[in-house]
Amino acid sequence: MDGDASPGFAAMAVSLTVNGAARTVVVHPFTTLADALRDELGLTGTKIGCNAGDCGACTVLLGGAQVCACLVPIAQAQGCEIHTVEGSGPNGITDRLRRAFLHHGAAQCGACTPGMLMAAASLLAREPHPSREAVCDAVGGVLCRCTGYTKIVEAVMAVFASSCDAAGGEGRVGARLARIDGWAKVTGAERFGADEAPAEALWLRILRSPHARAAFVLGDLEAFRRTKPGLEAIVTAADVPGENSFGIFPNLKDQPVFAEGQVRFRGEAVLGLVGTRAAIEAIDDAELPIAWTPLPPVSGVEAALGDGAPAIHAACPDNVLTRGRLSCGDVATGHAAAAATTEGTFRTSFVEHAYIEPEAGYARLVGPDRIEIFACTQAPYMDRDEVARVLGLPPRHVRIRPSACGGGFGGKLDVSVQPLLAVAAWKTRRPVRMVYSRIESMASTTKRHPAVIRAKASADSEGRLLAFESAADFNTGAYASWGPTVANRVPVHASGPYRVQNVLNRTRAVYTNDTPAGAFRGFGVPQAAIAHEGLMDDLAEALGLDRWTIRRRNALTKGDRTPSGQFLSHSAGLPTCLDALKEDWEAMLARVAAHNARNPRRRRGAGIACMWYGCGNTSMSNPSTMRIALDRAGQLTFYNGAVEIGQGSTTVLVQIAAEVLGLPPEAFTLVVGDTDLTFDAGKTSASRQTFVSGKAAALAARDLRRKILALANVGEAATLHLDGALLRIAEGEVRRTLDLSALPADRDGVALEGVGTYDPPTTALDENGQGVPYATYGFAAQIAEVEVDTVLGTTKVLRIVAAHDVGRAVNPTLVEGQIEGGIAQGLGLALMEEFIPGRTENLHDYLIPTVGDMPEIEIKLVEDPEPEGPFGAKGVGEPALIATAPAILSAIRHATGVTIRHVPVLPHRLWEALRERRASADELRPSPSRGGDGGGGES
Amino acid sequence: MTAYFCPATLDEALAIRAAREVEIIAGGTDVYPNRTTRAAWGQMTCRDLLDLTAIPGLGGIEERDDHWRIGCLVTWTELLKARLPPLFNGLKTAAREIGGVQIQNRGTLVGNLCTASPAGDGIPNLVALQAAVEIAGPPGRRLVPVEAFIDGYRHTVCRPDEIVVALRLPKRGALDRGAFRKLGARRYLVISIVMAAGVIETDATGRIGDVRLCIGACSAVAQRLAPLEERLLGKPLDASLADLVQPGDFATLAPLDDMRASAAYRLAAAEALTRDLLADLAAGERRRAA
């Protein structure tokens with residue numbers, strides 16, 4: 001081809017006005033505006049979520065109009081006026097929006113926030129008092145995975161309607177404190193994995209298997225490398241200095257960093273190209289000397305469990321990775337005594353986390369034998385140990401510096417870029433960075449386990465549960481990841497938050513050649529809830545009971561024993577949750593009936609579902625340690641190892657620590673989640689950070705306070721005031737002043753410190769799953785109102801009322817944000833989300849809810865305090881999601897009379913079920929039936 | 001490395017088209033996503049590009065004697081903002097419902113047509129409006145009826161040395177109107193499962209003088225419903241129109257089974273959307289399909 005100087009090839013100088021300032025970039029004309037802003041102008045506030053116009057994260061204003069900066073060739077921006085999140089926006093609108101977003105809790109992880117702000121700014125610039133519909137239209141092209149959009153819409157509508165102060169008043173426990181890390185998220189200053197790297201860093205691109213199962217042979221890579229200027233190295237399994245494997249459990253490190261001669265899923269890493277960005281992006285995979293021998297893949301659990309199925313891993317001939325079991329009482333006896341028994345098979349699909357920030361980061365060597373990794377993660381200590389193992393280093397030689405995490409939901413608990421970057425940096429001895437493309441992220445990282453659940457339940461004539469049994473197979477994909485966790489957590493929860501004496505729950509996690517399934521908000525419990533709630537509706541119908549009533553009759557409460565034999569002594573607020581919904585439930589039923597009397601085609605339905613969820617790891621130690629230090633200069637530093645992934649733990653932990661210590665939140669300087677600087681707080685998962693790390697924060701603050709009070713010789717009631725290096729203490733008439741600068745200090749200048757460790761009390765489960773798997777449980781009930789177009793099979797969720805027992809809402813705005821976001825994900829699980837390897841691996845074929853798909857949401861917070869938790873608090877992250885999908889299914893059934901046991905309920909699936917029902921109804925009539933073809937609907 | 005040409009005249013652009021294989025770029029809403037998809041699986045090279053946006057005269061919506069002319073750079077948003085007769089209501093609905101506002105602000109109607117995706121939201125509307133495609137090439141301009149323009153799955157009769165410069169949409173009576181129904185699995189940013197577009201022209205007595213109905217996403221190329229159109233001629237424009245739809249009217253469609261929907265569903269949805277569309281046309285309004 002022609003050289004770079006020929007017409008059409010040369011870089012061009014493009015002059016544009018960015019946030020009011022004249023700027024010029026000299027780049028290839030096909031460079032996207034997004035890349036030019038980020039790479040040339042350093043304006044990394046504009047986020048790239050998909051590079052395909054599917055997510056809107058990169059939305060900027062171009063000549064006043066919102067555009068995806070990833071779709072604009074820089075050549076077309078010549079002479080244009082651009083507004084990005086870093087600027088104050090047209091007439092200062094972005095600045096006003098920022099304050100509204102903070103005040104309303106509209107930013108969680110912050111990855112979509114720049115796009116949301118710009119989309120909203122384009123609307124408010126022409127329409128200061130928009131309708132809700134106009135707001136939805138304006139931000140409809142920006143996907144958010146955290147918030148459920150509710151608070152975003154509220155914030156945009158409030159910009160010119162009311163005054164918004166960023167600070168939410170004082171920051172005591174229970175206050176709606178604006179998130180402490182929020183300002184960086186609404187200004188574009190937040191540094192996500194792709195936003196930071198040494199200037200001299202090389203780039204890494206992974207060549208991934210296009211085959212789900214294949215053998216391969218690598219040719220002479222070094223000879224190939226020499227033909228490519230700028231290609232510094234090709235890294236393969238041979239370059240891994242330590243163990244070429246990773247995985248969550250010490251005995252199940254079954255996934256190679258780089259495949260060795262065979263691949264087990266489409267998207268598996270084969271080798272890495274390390275070099276200049278231009279060099280690695282100019283090499284086609286097909287150019288590399290790789291000889292592939294594709295083999296027939298084993299897809300789905302039925303295939304993997306079938307006779308003669310090949311073993312995915314030689315060490316596991318039957319492809320069953322783990323079995324889980326819980327047994328109490330005798331189910332046969334229970335079923336035998338029943339007035340009603342029901343059973344069914346329930347199916348769920350792979351679900352993608354679809355966090356807006358794809359995985360990214362960099363690695364660099366610090367000295368000859370130490371490596372530092374900056375990347376998005378939910379589990380820095382696990383990353384540290386994993387990287388150390390892969391490099392053959394002691395863990396202290398690895399430092400994980402978590403970037404801001406643009407959403408996780410369980411998908412960033414496993415390592416992704418970390419070991420790849422580590423091996424590449426180790427081999428080249430140079431800093432190396434990489435950014436997953438959206439498709440790469442979707443194809444190669446973990447998913448929610450698809451489940452096939454066969455379940456059976458019996459009740460007496462009053463609807464009281466007598467027996468529940470289930471057998472669930474979870475498709476764990478090619479590698480173990482969190483498969484065992486799912487297999488062990490589900491048996492505990494599978495019978496639902498109900499009193500039942502006779503239970504037998506069994507699970508299997510099954511290897512296949514599908515994408516690895518891992519942790520996703522709920523660890524299998526959302527799938528199980530679809531089954532137990534479906535059966536509760538069956539029983540209600542069979543017994544002629546109201547669906548609320550049957551749940552209320554069976555709801556676990558204080559004084560009950562769970563199927564694992566655990567005695568619930570405190571904080572079991574499901575009855576209160578249900579009672580809080582009673583009035584809404586009856587109103588909803590009445591509303592639905594009135595509507596349906598007039599509308600034969602668009603039928604409405606009301607649905608209900610309950611859930612419970614154990615906070616923290618299942619029967620495993622999962623401690624957290626927090627440290628608060630006061631130095632001689634009067635700086636109060638909170639060393640908090642709990643990674644913030646948007647859910648708000650940074651804010652919640654400060655609120656707890658501030659309240660216990662007796663100093664205001666703004667007094668704290670934060671160091672969050674750095675393995676060199678903070679203690680291990682455990683992973684951000686299992687709804688454990690508020691409960692476990694929150695308790696550790698309270699203990700650390702109490703420790704520090706005790707030391708201060710002892711030093712000042714005052715009692716518990718004393719108040720503290722930090723005034724530079726002077727700590728002023730008052731108790732009644734007594735006034736003391738501690739001059740911190742005069743106190744002895746350690747080498748970091750720390751004069752006083754408090755450390756707190758908390759590990760929730762649990763016991764091991766025996767072979768029947770008996771024991772105390774969790775210290776506490778979150779409970780919730782949700783009701784949903786839907787409208788189904790019975791001709792087209794489409795479902796619109798109109799309203800959800802959610803009652804959640806959170807123990808104590810440390811920050812109600814953040815709790816509501818979790819619930820609203822969980823409802824959005826539950827809605828996606830119920831109605832639209834289905835990851836199919838090779839087919840829905842981008843954000844236009846894989847659909848997550850947009851702002852226009854969200855129902856009206858009303859939240860009722862129930863606070864049944866958990867004595868173990870800080871101020872009575874327990875987790876809400878996963879409980880938020882679990883009841884939503886079964887409530888929607890219940891409502892669809894109520895609306896249409898058809899029972900769908902296969903999610904997502906895509907329009908064609910519901911239509912097929914409706915058609916089958918019509919066909920069977922026709923058969924019962926004397927007139928000739930129209931006949932169906934008996935298609936694949938479930939009923 | 002990819003070459004990128006930004007000519008300032010149409011003649012230059014045509015000369016580039018004639019000299020080398022280039023992909024045309026205007027709003028970029030298809031070019032970049034395609035590049036992203038290929039790159040994700042290691043196909044890093046892309047075709048050279050010809051950017052039309054610096055060429056004067058390719059934008060704008062113009063009312064002429066017997067037709068409206070829509071330049072090839074006209075975006076969905078421009079279309080939405082233009083003052084157009086009710087004939088274009090369906091096209092405007094498509095403009096409102098495609099992608100999100102970001103896509104509407106950048107994507108062009110002509111680009112949607114030239115990509116020729118079975119799920120292209122503009123295409124059934126252009127068929128119903130009997131658009132003609134104005135193509136510039138070395139010998140000069142030619143006009144091709146839109147139904148002949150797309151000649152296969154994602155394929156058009158536009159030759160490698162040609163450029164589509166505009167669409168011509170014939171004028172009709174002041175009362176004639178169009179409508180569009182899109183069915184997708186979510187509210188925004190959604191690729192259509194099925195679409196139905198229609199235009200009805202009324203005669204002096206208020207009855208249907210001419211009608212064109214077109215279904216998208218149910219075959220490689222959007223298809224007219226000729227037998228149904230025939231049946232509708234001369235009928236009064238009222239709610240009973242929907243009753244004239246028969247399942248057999250959709251027999252020529254050949255929908256796919258894919259992750260978005262089953263073929264059987266698509267056929268049934270095409271029938272349902274057509275009934276809804278006729279109701280919209282009769283009522284002179286539109287509602288969302290989903």
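The model is predicted, so local features need pLDDT of at least 70 and side-chain atom pairs count only at pLDDT 80 or more, while totals for chains, interfaces and linings use all residues. Residues are numbered from 1 along each chain as its sequence is written, and chains are lettered from A and ligands numbered from 1 in the order in which they are written.

Helices (H or I, at least four residues) and strands (E, at least two) are DSSP runs, numbered from the N terminus.

Now for the domains, whose bounds come from an automatic or database domain assignment. In chain A the assignment gives domain 1 (1-162), domain 2 (202-297 + 356-407 + 412-444), domain 3 (521-614 + 775-900), domain 4 (624-758) and domain 5 (906-939). The C-alpha centres of domain 2 and domain 4 of chain A lie 38 Å apart, and their contact takes 14 residues from domain 2 and 12 residues from domain 4. On the domain 2 side, helix H11 (380-391) and strand E16 (398-402) of chain A each give two or more residues. By class, that side has eight nonpolar, three polar and three charged residues. Chain B is assigned domain 1 (1-55) and domain 2 (177-283), with 35 Å between their centres, taken over C-alpha atoms.

Next, come along to domain 4 of chain A, residues 624-758. Four strands of chain A form an open sheet with mixed pairing, in the order E24-E23-E22-E28 (two strands pair if DSSP finds at least two bridges between them). Strand E24 (668-672) and strand E28 (750-758) stand at the edges with a single partner strand each, so one side of each has no neighbour in the sheet. Neighbouring strands here are turned by 20 degrees against each other on average, direction ignored. Strand E22 (residues 624-631) pairs with E28(A) in the antiparallel sense over eight bridges, and A:Ile628 has A:Gly754 in E28(A) as its bridge partner.

Helix H19 (residues 689-712) of chain A lies across E22 and E28, running at about 145 degrees to E28(A). Axes are lines fitted to C-alpha atoms, for helices over the stretch in contact, and angles run from 0 to 180 degrees between N-to-C directions. What angle do helix H18 (residues 649-661) of chain A and H19(A) pack at? The angle is about 30 degrees, with the axes of H18(A) and H19(A) 8 Å apart. H18(A) and H19(A) are therefore roughly parallel; angles under 35 degrees count as roughly parallel, over 145 as roughly antiparallel, 65 to 115 as roughly perpendicular and the rest as oblique. The residues of this contact divide into 11 nonpolar, five polar and two charged.

Compare a helix pair elsewhere in chain A. Helix H2 (residues 93-104) and helix H5 (residues 150-158) have axes that come within 9 Å and cross at roughly 135 degrees, and H2(A) and H5(A) are therefore oblique to each other. In this pair A:Ala100, A:Phe101 and A:His104 of H2(A) meet A:Lys151, A:Glu154, A:Ala155 and A:Ala158 of H5(A). By class, the H2(A) and H5(A) contact has four nonpolar, one polar and two charged residues.

Chain A also has an open sheet of three strands with antiparallel pairing, in the order E9-E7-E11. Its edge strands, E9 (262-263) and E11 (290-294), each pair on one side only. Two bridges join strand E7 (residues 214-218) to E9(A), and A:Ala215 stands opposite A:Gln262 in E9(A).

Finally, two backbone details deserve a look. Most residues other than glycine have a negative phi, and most peptide bonds are trans. A:Ser687, in the loop between E24 and H19 of chain A, has a positive phi near 50 degrees. A cis peptide bond joins A:Val903 and A:Pro904, with omega about 0 degrees, and A:Pro904 is found in the loop between helix H22 (884-896) and H23 of chain A.

Notes: Two residues are in contact if their C-beta atoms, placed from the backbone, lie within 7 Å. Ala, Val, Leu, Ile, Met, Phe, Trp, Tyr, Cys and Pro count as nonpolar, Asp, Glu, Lys and Arg as charged, and the others, Gly among them, as polar.
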